[in-house]
Amino acid sequence: MSRPDLNAAIAARDLAVLWHPCTQMKDHEQLPMVPIRRGEGVWLEDFDGRRYLDAISSWWVNLFGHANPRINAAVREQLEQLEHVILAGFTHGPALELAERLVALAPPGLGRVFYADNGSSAVEVALKMSFHYWRNCGRPRKTKFVTLANSYHGETLGALAVGDVALYKETYAPLLMEVLTAPSPDCHACEPGESWEAHSRRVFADMEALLAARADEVCAVIVEPLVQCAGAMRMYHPVYLSLLRDACDRHGVHLIADEIAVGFGRTGTLFACEQAGVTPDFLCLSKGLTGGYLPLSAVVTRESVYQAFYDDYATLRAFLHSHSYTGNALACRAALATLDIFAQDRVIEANAALARAMAEAAAPLADHPHVGEVRQTGMILAIEMVADRAKRTPYPWQERRGLRVYRHALARGALLRPLGNVVYFMPPYVITPEQIRWLAGVAAEGIDLATRD
Ligand SMILES: *Cc1c(COP(=O)(O)O)cnc(C)c1O
């Protein structure tokens with residue numbers, strides 16, 4: 001078989017047995033599958049030798065590039081020692097050391113780490129822990145969760161229930177617990193002339209009213225701090241989180257910060273909550289936690305929460321929740337190597353320059369006749385394509401304009417994967433300013449093509 005046939009041959013085998021995530025498989029009758037043979041830094045390489053710049057960090061997980069030599073070395077070393085061990089009744093160095101370091105890095109007041117093995121599971125853990133905390137404290141009537149419109153917290157039934165992206169949720173509505181939904185502080189909905197801060201403050205009034213009326217039944221409010229990533233990269237001002245922290249305290253309700261996507265530097269600080277100076281009661285981490293290497297998640301909570309479960313066995317107050325791969329040693333070791341890179345390379349500082357390069361490279365797009373908004377929070381930049389710029393009328397979703405950008409980018413050697421009509425960059429931190437400028441050019445061409453008719 002000549003080399004250029006390899007991609008097609010692998011795609012054909014794949015389509016005979018695999019069912020891919022978040023995909024209408026029939027699309028692949030038109031849309032070629034991209035089989036990846038290897039990765040290095042920001043690049044992915046297919047079996048025909050074509051390269052793609054991974055501008056979305058392979059679904060927001062990769063931080064320091066593919067096949068990062070430092071993370072590779074750490075995982076390789078760990079592999080020779082211990083791959084995995086049950087974490088009930090047993091412990092190991094990487095799980096312990098990672099917990100110590102997460103506690104040291106997390107907002108002050110969070111002293112306990114509970115591991116799970118993916119983001120949705122971390123959300124389930126936080127929801128169950130919050131409910132169970134109140135039950136252990138003699139408040140069994142607290143059974144509800146408050147969520148924001150347009151939020152996303154994962155795909156398992158509990159996580160899906162507290163999310164609000166109709167595309168993923170609506171079909172399963174009959175299976176889901178009921179939640180209380182407050183409007184999103186999303187600043188795409190700012191009134192003309194209104195600042196992000198003023199908008200987020202104004203929208204908070206609804207949350208305050210909801211908590212004032214229903215706090216007796218509410219366990220926790222769950223939010224994605226600063227950026228609703230799956231909800232089309234909609235962004236809001238940190239003041240909303242400060243107001244929310246204060247209101248949760250006044251009304252006796254937990255605050256769950258789902259930093260699964262925004263954690264580990266994406267918003268410009270290590271954790272997004274830092275920008276509001278708040279400590280949540282539960283901090284959910286995953287995705288970038290292992291640098292994008294292995295599935296792992298952590299829920300970091302307060303000692304006071306832990307103490308509400310700490311009692312004689314027969315009181316049945318323990319948190320009897322587990323996942324088979326809880327605290328996997330290889331994953332914890334990849335996470336430790338990732339945290340080492342943050343410390344050794346002063347990544348947060350270096351990213352400030354990359355974020356400026358992203359802003360400059362994408363700035364011309366703000367004047368495009370079919371771009372309604374270019375918005376940015378740290379290392380996340382989003383470009384919203386619209387049918388009518390003045391009225392900000394969205395394109396009908398059925399037109400799948402974003403898919404046209406995706407196809408154009410692939411042909412040019414970039415992996416951009418728009419969310420509906422929103423093209424975004426969320427690159428690994430090893431991208432260069434020159435690559436950012438090239439990427440913005442590819443995105444601009446793609447947007448031109450996708451909005452031509
Ligand atoms: C991706 C994501 C999740 C779910 O994580 P999985 O590992 O995909 O289950 C939860 N919350 C947010 C904010 C996410 O972006």
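Predicted model: local features only at pLDDT ≥ 70, side-chain atom pairs only at ≥ 80, totals over all residues.

We can start with the layout. The protein chain splits into domain 1, which covers 34-67 + 347-450, and domain 2, which covers 72-345. Their C-alpha centres are 26 Å apart. To the contact, domain 1 brings 28 residues and domain 2 brings 29 residues.

How much area is buried between domain 1 and domain 2? The value is about 2500 Å², and carbon and sulfur atoms give 63% of that area. On the domain 1 side, three residues stand out: W60, I348 and T377 supply 23% of the area that this domain buries against domain 2, more than any other three residues.

Next come the polar links. The rule finds 16 residue pairs in polar contact across the interface of domain 1 and domain 2. It also finds one salt bridge across this interface. E384 and R234 form a salt bridge through their side chains, with 3.0 Å from N to O.

Which elements give two or more residues to the side of domain 1 that touches domain 2? Here they are:

| Element | Residues |
|---|---|
| α2 | 57-60 |
| α12 | 347-362 |
| β13 | 371-377 |
| β14 | 380-385 |
| β16 | 422-425 |

Of this side, β13 provides the largest share, with four residues.

Terms used:
Residues numbered from 1 in each chain as written. Heavy atoms only, no water. Domains from an automatic or database assignment. Contact = heavy atoms within 4.5 Å. Buried area = accessible area lost by both parts, 1.4 Å probe. Salt bridge = Lys/Arg side-chain N within 4 Å of Asp/Glu carboxyl O. Polar contact = N/O pair within 3.5 Å; in protein donor to acceptor, adjacent residues only side chain to side chain.
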